[in-house]
Amino acid sequence: MNSLTEENYLKALFSLADDKGEVGVNELSKRLDIKMPTVNSMMKKLAEKKLVFYESYKPLRLTDKGRREAGLIIRKHRLTEMFLVEKMGFGWEEVHEIAEQVEHIQSAAFFDKMDVLLGYPKVDPHGSPIPDKNGKLVWRQYQKLSQSKAGETLVLAAVLDSTTEFLTYLNSRELRLGLKIKIKAVEPFDGSMTVSYGKHTALVLSSTVTERLLVEPAGT
């Protein structure tokens with residue numbers, strides 16, 4: 001059994017990993033806001049548990065065991081977020097901090113029951129994939145709204161930014177997952193888009209927003 005602190009390190013390593021599965025110690029230190037010597041000390045501890053490959057002055061990598069355990073922590077977090085939204089009526093902007101606490105509950109049966117009650121969801125309220133019971137995570141291929149062109153009709157599938165501030169902004173614009181969005185125009189100068197959806201016929205979204213919205217073609 002890993003401690004709460006160890007689980008937070010594993011989750012951070014999982015989310016920061018590049019295409020090679022590697023994470024720099026400095027990058028991890030910045031993400032967790034923890035000093036480098038403390039991070040190095042924890043990496044040695046996790047290496048002893050066979051959770052991390054650790055060598056001085058080299059990038060960090062999760063072992064297969066570490067990746068599985070990190071995936072299971074993320075599974076608990078995202079199932080909790082979905083349960084809070086679907087069964088308890090929380091807004092998608094309210095659930096992250098609560099899930100941060102609940103994800104450290106050790107009972108697998110607790111989360112398996114949550115999964116059953118939810119009908120085995122594949123994604124969380126923000127469109128992020130939920131790892132399976134073995135900690136395996138399968139990403140779907142989405143594109144950023146910012147990469148789309150005028151005339152396209154797309155479905156909002158996920159968000160890259162799940163901060164309270166950004167989700168509250170999306171709420172204020174009535175933007176939600178599953179919504180069909182038609183791109184009416186793209187401004188060449190700054191990449192801002194004029195879009196239509198629902199009762200909105202000509203809403204302008206900045207590139208800051210469209211960079212954070214993931215979409216897929218309507219009808220897929």
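Buried means under 20% relative accessible area. The legends below describe close-up views of a predicted model.

**View 1. Phe166 and Tyr169 form a stacked pair of rings.** Phe166 has a relative accessible area of 8%, so Phe166 is buried. Tyr169, at 23%, is partly exposed. Both residues belong to helix α7 (residues 164–172), where they are three residues apart and thus separated by about one helical turn. The structure holds two aromatic pairs; the other is the subject of the next view.

**View 2. Phe110 and Phe111 form an edge-to-face pair of rings.** A pair of aromatic rings is described by the distance of the centres and the angle of the planes. For Phe110 and Phe111 the centres are 5.0 Å apart and the planes stand at 85°, so the pair counts as edge-to-face. Phe110 is partly exposed, its relative accessible area being 39%, whereas Phe111 is buried at 2%. In the pair of Phe166 and Tyr169, the ring centres lie 6.5 Å apart with the planes at 15°, so that pair is stacked.

**View 3. Helix α1 packs against helix α4.** The helices, α1 (residues 4–16) and α4 (residues 64–86), pack at about 100°, and their axes are 9 Å apart. This angle makes α1 roughly perpendicular to α4.

**View 4. Residues of α1 meet residues of α4.** From α1, the contact involves Glu7, Leu10, Lys11 and Phe14. Their partners in α4 include Gly66, Arg67, Glu69 and Ala70, as well as Ile73, Ile74 and His77. Sorted by class, the contact of α1 with α4 comprises five nonpolar, three polar and five charged residues.

How values were computed: Residues numbered from 1 in each chain as written. Predicted model: local features only at pLDDT ≥ 70, side-chain atom pairs only at ≥ 80, totals over all residues. Heavy atoms only, no water. Phe/Tyr/Trp six-rings, centres within 6.5 Å; stacked < 30°, edge-to-face > 60°. Buried < 20%, exposed > 50% of the residue type's maximum accessible area, 1.4 Å probe, protein only. Helix = DSSP H or I, 4+ residues; strand = E, 2+ residues; numbered from the N terminus. Axes fitted to C-alpha atoms, helices over the stretch in contact; angles between N-to-C directions. Parallel < 35°, antiparallel > 145°, perpendicular 65-115°, else oblique. Contact = heavy atoms within 4.5 Å. Nonpolar A, V, L, I, M, F, W, Y, C, P; charged D, E, K, R; others polar.
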